[in-house]
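Subject: Structure for your files

Hello,

Please find the structure below. My notes follow it.

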Amino acid sequence: MKQLILLAVLSCMFISCQNEPKLQKPNVLFIMVDDLRPELAIYGANHIKSPHIDQLASESTIFERAYCNVPVCGASRASLLSGVRPGRKRFVGYSTRLQEDLPGSISLAQLFKNNGYTTISNGKIFHHADDSKSSWDEVWRGEKSSPTDYILPANIELDTEPGDPRGESYEKADVDDNAYLDGKIAEKSMEDLVKLKETGKPFFLAMGLIKPHLPFNAPSKYWDLYDSTKINLPANYSQPSTTPKEAYHNFGELRHYYNVPANGPVSDELANKLLHGYYACVSYTDAQIGKVLNKLKELELDKNTIVVLIGDHGWNLGDHAMWCKHCNFESSLHTPLLIKVPGKTKGEREKAIVEFIDIYPSLAELAGFEIPVQVDGKSLLPVFDNKPLARDFAISKYHDGLTLIQDEFFYTEYRDNQDSLIARMLFDHNSDPLEMNNLANEANQKDRIEKMSKNLLANRGDRYFEDRRLKGSIDE
């Protein structure tokens, strides 16, 4: 009798398991925004109009302390998309190619493709459209050949002249969103979502939006969201002598433009325009993100789609009297990071320090994939279960500068090709969030500096000195 009862129970369990719906492989919508710093409402910048990013944040985990590993686009993307730390000669400049700097590595998109996903790259994901091209089923970079994407005739004329100068560093035009490339990238991504739903296959759709990268071009309606008379230069618009000269640069990327002086500071009038243009571009980009997210919901794909939103690095908006990225200050290293996981995230704010190289293993683990041995990053999944992360610091590198971010301290060492120490910076963000008082030469910081230096050198990566040489300029 007992055997009959046991058999009946087992039969019921078998039938119940058969009737349970099979778990679907999660889709991924990966949104990367060029030069997007965390000057957004969700990070306390209430003057910024970004309602669609705000809405996504309410459905995501908001990482308040996410840092890029390299503050320059090509290198940052190669590091992020491989999960590998930059080295002395690996992932250095804007012209970085993953396939050249780390041959044989498996890119994030390739990992998904290898596991049966359709992979599509729209806009700028890798810096070079043909880098690691086999990772994608489709790569689409848009219709315009000029990266400046001007619409006004005067700027187009300047932009077509041989050499520099380019056109102006910003453009306000009374046009529709789709007149500029980011509008077209959003439209293409929306069309892809429709097609991808029809196939029924899981997908990894990457959308790389260009703005707010220079030049700050956006339709007039986004400029009109902001009153230029209420836009002020940052409080740290200066360069204290206690900070080593190695920390500063001449913002060469901005110097290319027609209305920018070749040397020295920009005028207050131009600085105001740059800030205004950056804000307009953020709102323009936010609108494009909103269109794609709305299409995702309209198609009911949002219920099984992980959404990641990041900037590829920070950007100096007059911070330390500098513009562009290319430095080891927080303004170049701190970035937005939102991760939406259906059924798991709902607007939580995470204060743990995380790195871009952590995104690769996190997505791999969420999708149920084995993490390749190349990956240096640590999964962020413990965050979703209110557990501590495996690491409590971040390391970022730009040229000779190597920065350790731990607790509320930013510690940077500048080292030459022989690994000899050139200069140091130490900032306490509890008392000096704008990084204006370098404590590296203070006697009472000696023990802290020794500990942070040891931690920095021990964790910069086993492959730090691999000889992966890069070609081309490193200033864009």
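Here are the notes, arranged by element.

This is a predicted model, in which local features need pLDDT of at least 70 and side-chain atom pairs count only at pLDDT 80 or more, while totals for chains, interfaces and linings use all residues. Residues are numbered from 1 along each chain as its sequence is written, and side-chain values use heavy atoms, leaving out hydrogens and water.

Helices (H or I, at least four residues) and strands (E, at least two) are DSSP runs numbered from the N terminus; two strands pair if DSSP finds at least two bridges between them.

Strands β14-β15-β16-β17 form, in that order, an open antiparallel sheet of four. Because β14 (393-398) and β17 (421-428) stand at the edges with a single partner strand each, one side of each has no neighbour in the sheet. Seven bridges link β16 (409-415) to β17, and arginine 415 stands opposite leucine 421 in β17. Helix α14 (446-459) lies across β14, β15, β16 and β17, at about 65° to β16 (axes are lines fitted to C-alpha atoms, for helices over the stretch in contact; angles run from 0 to 180 degrees between N-to-C directions; contact means heavy atoms within 4.5 Å).

In strand β3 (118-123), six of six residues are buried (under 20% relative accessible area, 1.4 Å probe, protein chains only). β3 runs parallel to β6 (203-209), joined by six bridges, with leucine 205 in β6 as the bridge partner of isoleucine 120. β3 also pairs in the parallel sense with β4 (138-140), over three bridges; there asparagine 122 stands opposite tryptophan 140.

Regards

Definitions and conventions:
Buried means under 20% relative accessible area, exposed over 50%, partly exposed in between (1.4 Å probe, protein chains only).
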